Amino acid sequence: MDAAVLDSLDPLIEALHERGYAVVGPTVRDGVIRFAELDSAAGLPAGWTDEQAPGAYRLHEDDRQDPPQDGALVFGFAASPDSVKRFTHPPRSTLFHMRDGVPEAAPVEAPKVALLGVRACDLAGLAVQDRVFLGGRHPDEAYRARREALFLIAVNCAVPGGTCFCASMSTGPRATSGFDLALTELTGPHRFLAESGSERGATLLEVLPRRPTTEADHKAARQVSETAERRMGRHVDLDSVRERLTERRESPDWNDIASRCLTCANCTMVCPTCFCVTIEDGTDLADGSATRTERWDSCFTLEFTELGGAPVRSSGAARYRQWLTHKFSTWVDQFGSYGCVGCGRCVTWCPAGIDITEELERLR
């Protein structure tokens, strides 16, 4: 793995633009960190941090950098509501059009995108999605095209959120695979340790203004990850969790959870591994054409399992049980890994503040 020290991210962004990539990274928008297209490193959220708790998210300027100074942490926040899923498995996509009874396949939109600031948990989520969409007998070619168009620049977490538990899931806080480049932000002085994870990442790193790394740089990078691991906001005990959830299928705890759950599907929308969809057909009365569209759906909606005019899982308890059991039990049977990567988004963005780590502990 090639490594170098970068003093600025502007040359990296410029080099990606020259290679035809739209560079997308974290920005401050509407009181949260969202992924948006970047013209330069000035658009990154330097000096901003967040507070995350069950059902709560607050973004503010870091008191340690008040006001933000040159060299303030650029990535001093935890996972945002956006994940890589939005770029490989978009919320809505057109499958085909029908005109005069003849189907016309819709072109796959797969622009070259460089994602800057991808966290280790999201890389793990992407690996799960790869197994879902590219494994088996019928790989999704649209997903493949969007996936291959991505250039992934990971950032090793320095400041985990109050709802993070990636260390419990062995998916972070340090990215170990699945990226083209990985950055560790260091201070004293402010700099970035860049490591390549692919041939194209190594090729790009060679053309950037850089300095050779020292043992002190690598030691500082290890300390960043070790400190982040110790500061995880949540913990999950995975010992026999798969078997426990199967055994507790009829537990009254499911009804207790359902009494608090709004079945709003927020958790599945922000989850980097959830992949459920539904199909919608629409007709344009002006020209008589029809369009079939795929959009995100959720196992929390009543219509998702509707058969013969009625849902299979009619109660909130059954729907929450399906979701949690799938993530930590039956997903292993299907794909050989857990369906949860410990990003904590489902905890933060649940309006009722339901904490998946607490519910798993109660179901022991």
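By class, nine nonpolar, four polar and two charged residues make up the lining of the second largest cavity (nonpolar: Ala, Val, Leu, Ile, Met, Phe, Trp, Tyr, Cys and Pro; charged: Asp, Glu, Lys and Arg; polar: the others, Gly among them). The model is predicted: local features need pLDDT of at least 70, side-chain atom pairs count only at pLDDT 80 or more, and totals for chains, interfaces and linings use all residues. Residues are numbered from 1 along each chain as its sequence is written, and side-chain values use heavy atoms, with hydrogens and water left out.

**View 1. The second largest cavity.** This cavity holds about 110 Å³ of space. Of its 15 lining residues, Cys271, Cys340, Val341, Cys343 and Cys346 are the closest to its centre. Helices α11 and α12 (345-348) each supply at least two lining residues.

**View 2. The largest cavity.** The volume of the largest cavity is about 150 Å³. Its lining comprises 17 residues, with Cys261, Cys267, Tyr320, Cys350 and Ile354 nearest the centre. By class, 14 are nonpolar, two polar and one charged.

**View 3. Helix α6.** In α6 (residues 199-207), Gly201, Ala202, Leu204 and Leu205 are buried (under 20% relative accessible area; exposed is over 50%, partly exposed in between; 1.4 Å probe, protein chains only). Seen down the axis of α6, these buried residues fall within an arc of 165 degrees (taken from the directions from the helix axis to the C-beta atoms), so they line one face of the helix. Exposed Glu199 and Glu206 are carried on the face turned away from the buried side.

Definitions and conventions. On a 1 Å grid over the protein atoms alone, a cavity is a set of points where a 1.4 Å probe fits but cannot get out, and a pocket is an open set with protein on both sides within 12 Å along at least five of seven lines; lining residues have an atom within 4 Å of a point. Grid points are joined across faces, edges and corners, and a volume is the space filled by probe spheres set on the points. Helices (H or I, at least four residues) and strands (E, at least two) are DSSP runs, numbered from the N terminus.
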